[in-house]
2 protein chains.
Amino acid sequence: MANGSDEKRPLILVTNDDGIDAPGIAALASVMDEVGEVVVVAPIDEQSAVGHAITVHQPVRVRPWNFDVPSGTAEAYAVTGTPADCVKLALSTILKREPDLVVSGINHGENIAVNVLYSGTVSAATEASILGIDAIAFSLCTNEAYPFDMSARYAKTIVEQVLKVGLPRCILLNVNIPALADIRGVAVTRLAHSRWEEGFVERRDPRDRAYYWLTGHFVNLDDGDSTDVEAVRTGLVSITPLQHDLTAHSWLEEFRDWKWEANGSE
Amino acid sequence: MANGSDEKRPLILVTNDDGIDAPGIAALASVMDEVGEVVVVAPIDEQSAVGHAITVHQPVRVRPWNFDVPSGTAEAYAVTGTPADCVKLALSTILKREPDLVVSGINHGENIAVNVLYSGTVSAATEASILGIDAIAFSLCTNEAYPFDMSARYAKTIVEQVLKVGLPRCILLNVNIPALADIRGVAVTRLAHSRWEEGFVERRDPRDRAYYWLTGHFVNLDDGDSTDVEAVRTGLVSITPLQHDLTAHSWLEEFRDWKWEANGSE
C-alpha cells in the first residue's frame, strides 16, 4: 500500500461506473491520494445507466488490480458487478475500517436533472450514504475526449471541504463540472425538472425480425432559478445535495385526506 | 383486442419486474380488465433488483405475447429489457394513445423503505411519472407462495380512486399489501429510514478462486410514526406517495452558506 498505515489520514473509497480502467477514476484517485489513503473498488467494465441495480441472481468476483497513484500503488480491486455492488462489497468485506468518504467518478458525461436516476455514478454515492458514509459523485460534462485534470482539482477542493465540515445524515453531493478551461465558479443547485423524449429506432436483423435501440433527447422543462442544468450551461461547477428518501413529504398531509373505499378499510 | 376500441374506457398500461408470465401480473391485469382497456408490456423474464436501469448498450426486442384476461385476450408484448425500458418503449412506440395510468406489479415480495431504490417494480412506475403519466406500483408482502387475488382487489380499488381524482404532477404511489386473510385497512405512509446490513458470503469455485454472493438482512432504523414498515407489519395496506426529484430541498439553504474555496470560485 502506497501510503503505509497512517491511521490519521482519511480513508477514501474510490469507485465509478465507467470501469476501473477509465481515465476519470485514475484522475480522481490521483488527487484523492494527495488527501488521504485511497482504496479503489470499481466495476471491471463499464456499467453506465445501471441505475441503482444490485447483483442478486449471480455471484460477484473480485480481482486485485494494479492501480498507480502519484505516491505509488493504491490498494485496488475490480468487481464483476454494479457500482452499488462495489460499495456494498467494499464496506462489508474489503475495507479494514470504515472509510471517511466515498467518492464516485469522475464520470465521463454529465449526470444532471432526471439523469441522476439512471446514473451508476450517483447510485454508488447513494449506496454509501444509505450505509452511513459521506459520499460525493463527480461528473465531467462532456461526451467528447477531454482531460480530467482540472475537474480533478475541483474534486479535491470539494472533498477537502466535506472532510472538514461533514455532511448531514442521509445527504450526499452530486457534482457536475463543465468541460471548460475557464470555469466561472461553484453553484449550489437543485435538480432541474426534466425528461427524455424517447426515442426507439427500429432495425431489422438478417432474419427480418425487428429490434429497437433506445435513443431520444434530453428536455429541460425547468426555467426556474438555481438548477443544475443552468449552472453547467453557464460555466459553473454544479453541486446538488441529494437525498435517498423518495417519500413525497410535501404532499403527505393532503394525501391523508383521501377517502379510501378499499375492502376492509377502516 | 379484448375490449374493442371504446375510447371512453381508460387505457391502462400494465408492467412488472417479475416477468410477463409471473402470477402477480396476471392477477393485476385481470382486475384492470374490469376497469379499462389493458395493454401489457413487461420483461420477458425476471428483472428484480435492477433499480432504475435502462438498456443503452444493446438493443431490446419486443415479442407479441398471449395474455388472457377475463374479457378475452389483452394486447401484450414481452420485452428483452428492464421495467423502465418497458415503460419507455410502450409510451413512445407501442401504445397508440397516451395511457391514463401505468400500473406495475403485483410484485412477489414487499418493496418498502430503502428497498424502493433497488426495485424494478417501483422504477417502472417512476419512469411513467417522469413521462407525465399517473402511476402506481403494487407489491404483495411475502416471499412465500400466496394467492394474489385479494391484493388484486385492493389494487382495483386504489386504481379506481386514482383514476377518479388524479395524482399531482411528479408524484407516484407505492402500494404494499400484507399477505393476510384479514387486512385491517389502508394507511398513508412515508418510507421508513432503513438499510441492509451486508452480507457477502464467500464461496470457492473448482479452481479455488473466490466468488461472493450478496446477502444480508434488512434493518429498520425508524421507530417514528406512519412508516410503511410499521403499516405492513400491523396488517395495513401501505400507500406511500413517492417523488423522483432527489434534491435535498430541506438542506439547500443551509448548504448555500458553505464557503467554497475551489479554484476559480467567485
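An open sheet of 9 strands runs in the order β3-β6-β2-β1-β7-β8-β9-β15-β10 in chain B, and its pairing is mixed. Its edge strands are β3 (62-64) and β10 (185-188) of chain B, each of which pairs on one side only. Neighbouring strands of this sheet are turned by 20° against each other on average, direction ignored. Strands (E, at least two residues) and helices (H or I, at least four residues) are DSSP runs, numbered from the N terminus. Two strands pair if DSSP finds at least two bridges between them.

The model is predicted: local features need pLDDT of at least 70 and side-chain atom pairs count only at pLDDT 80 or more, while totals for chains, interfaces and linings use all residues. Residues are numbered from 1 along each chain as its sequence is written, chains are lettered from A and ligands numbered from 1 in the order in which they are written, and side-chain values use heavy atoms, leaving out hydrogens and water.

Inside the sheet of chain B, strand β7 (residues 101-108) and strand β8 (residues 135-141) pair in the parallel sense over 5 bridges. B:V103 has B:I136 in β8(B) as its bridge partner. Helix α2 (residues 83-94) of chain B packs on the sheet and touches β1 (11-15), β2 (37-43), β3, β6 (75-79) and β7 of chain B. The direction of helix α2 makes about 135° with that of β2(B). Contact here means heavy atoms within 4.5 Å. Axes are lines fitted to C-alpha atoms, for helices over the stretch in contact, and angles run from 0 to 180 degrees between N-to-C directions.

Chain A also has an open sheet of 9 strands, in the order β3-β6-β2-β1-β7-β8-β9-β15-β10, with mixed pairing. β3 (62-64) and β10 (185-188) of chain A stand at the edges with a single partner strand each, so one side of each is left without a neighbour in the sheet. Strand β9 (residues 171-178) of chain A is joined by 6 bridges to strand β15 (residues 236-243) of chain A, and the two run antiparallel. A:L173 stands opposite A:P241 in β15(A). Helix α1 (residues 23-35) of chain A lies across β1 (11-15), β2 (37-43), β7 (101-108) and β8 (135-141) of chain A, at about 145° to β7(A).

How is chain B superposed on chain A? A rotation of 180° with 0.0 Å of shift along its axis does this, with an RMSD of 0.0 Å. The two copies are thus related as by a two-fold rotation axis. The superposition is by least squares on the C-alpha atoms of residues with pLDDT of at least 70 in both copies.

The contact takes 93 residues from chain B and 93 residues from chain A. Together the chains bury about 8100 Å², 65% of it on carbon and sulfur atoms. Buried area is the accessible area (1.4 Å probe) that two parts lose on being put together, summed over both. B:Y118, B:L246 and B:W260 supply 9% of the area that chain B buries against chain A, more than any other three residues.

The largest nonpolar core has 71 residues, and those with the most contacts inside it are A:V41 and B:V41. Such a core is a set of buried Ala, Val, Leu, Ile, Met, Phe, Trp, Tyr and Cys residues joined through side-chain atoms within 4.5 Å. Leaving aside neighbours within four places in sequence, B:V41 is in contact with residues including B:L13, B:Y77 and B:I94.

Conventions
Buried < 20%, exposed > 50% of the residue type's maximum accessible area, 1.4 Å probe, protein only.
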